[in-house]
Amino acid sequence: MSERLMSENIYGDIIMRTHHVSPVRTPMARLNRAAQFAPFAALSGYDDAVRETERLTDSRREPDEDGISDINMKLGFLRECGGFPEIGVEYFVPDGKKSGGAYVTLTGRFRRIDEYSGRLVFCGGGEIPIGDIYRIDLWAGGSKMFDY
């Protein structure tokens, strides 16, 4: 027996009835009726998880021997210098949610090296862990010092 004939036999007693309209309640507007069937987030948090997976992070780069000696030389210079020289420090900030992180450059007036916590301290209050430093740029009179 075909599917159509089968459905006509099963629903034959109600198939030709007219649609019931309530005399008491007003019909729902089409816009409100459509909102009932709008898509919903079946998996809460799924979109956030997909966005987090799509977000790119950098892997940590270790400076080579020349880079390490350059950082150490500039840290020694900063320990000995007077005043508050203008410096730019590129350093790694680990990501709190996934492996990797981002490289950030902080530019400002150097204040001191906190030997106890192992951090560079800036006049504006910023601090950078020495172990996360990738590069240090020193400026004097608007131009880079030790530019090599």
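This text walks through the structure from its overall layout to single residues. The model is predicted.

Start with the whole chain. The protein chain has 148 residues, and 20% of them are buried. It holds four helices and six strands. Read from the N terminus, the order is α-α-α-α-β-β-β-β-β-β. Now look at how the chain meets itself. Among contacts with a separation of 6 or more, 54% join residues 24 or more positions apart. The chain exposes about 11,700 Å², and carbon and sulfur atoms supply 54% of that area.

Next, go inside. The largest nonpolar core has 14 residues. Ile87, Val89, Leu120, Ile133 and Ile136 have the most contacts within this core. Helix 4 (65–80), strand 1 (86–94), strand 2 (101–114), strand 3 (119–122) and strand 5 each supply at least two of the core residues. Take Leu120 as an example.

Arg119 lies in strand 3. Its relative accessible area is 28%, so Arg119 counts as partly exposed. Arg119 and Ile130 are 11 residues apart in sequence, yet their C-alpha atoms are 5.2 Å apart in space. Ile130 is one of the residues that Arg119 touches, and Arg112, Asp114 and Glu127 are also among them.

Now turn to charge. Side chains of opposite charge can pair when their charged atoms come close. The structure holds 10 salt bridges. Two of the pairs described here lie within helices. In helix 3 (residues 46–54), Arg51 and Asp48 are three residues apart, so about one helical turn separates them. They form a salt bridge, with the closest N and O atoms 2.8 Å apart. Both Arg51 and Asp48 are exposed.

Glu90 counts as buried at 12% relative accessibility. Arg61 is partly exposed at 39%.

Which residues make up the network of salt bridges around this pair? Arg61, Glu90, Arg135 and Asp137 are linked in it. Follow the links one by one. The side chain of Glu90 makes a polar contact of 2.8 Å with the side chain of Arg135. The side chains of Arg135 and Asp137 are joined by a polar contact of 3.4 Å. Asp137 sits in strand 5 (residues 133–140). With 11% relative accessibility, Asp137 is buried.

Finish on the surface. Ile10, Tyr11, Ile14, Ile15 and Met16 form a nonpolar patch there, with about 580 Å² of accessible area together. Met16 lies in the loop between helix 1 (3–10) and helix 2 (30–36). Its relative accessibility is 73%, so Met16 counts as exposed.

Conventions. Residues numbered from 1 in each chain as written. Predicted model: local features only at pLDDT ≥ 70, side-chain atom pairs only at ≥ 80, totals over all residues. Heavy atoms only, no water. Patch = residues over 30% accessible without salt bridge, like charges linked within 9 Å, V, L, I, M, F, W, Y side chains within 5 Å. Areas by Shrake-Rupley, 256 points an atom, 1.4 Å probe, with all protein chains shown as cover. Salt bridge = Lys/Arg side-chain N within 4 Å of Asp/Glu carboxyl O. Buried < 20%, exposed > 50% of the residue type's maximum accessible area, 1.4 Å probe, protein only. Contact = heavy atoms within 4.5 Å. Polar contact = N/O pair within 3.5 Å; in protein donor to acceptor, adjacent residues only side chain to side chain. Core = buried A, V, L, I, M, F, W, Y, C linked by side-chain atoms within 4.5 Å. Lists of a residue's contacts leave out its neighbours within four places in sequence.
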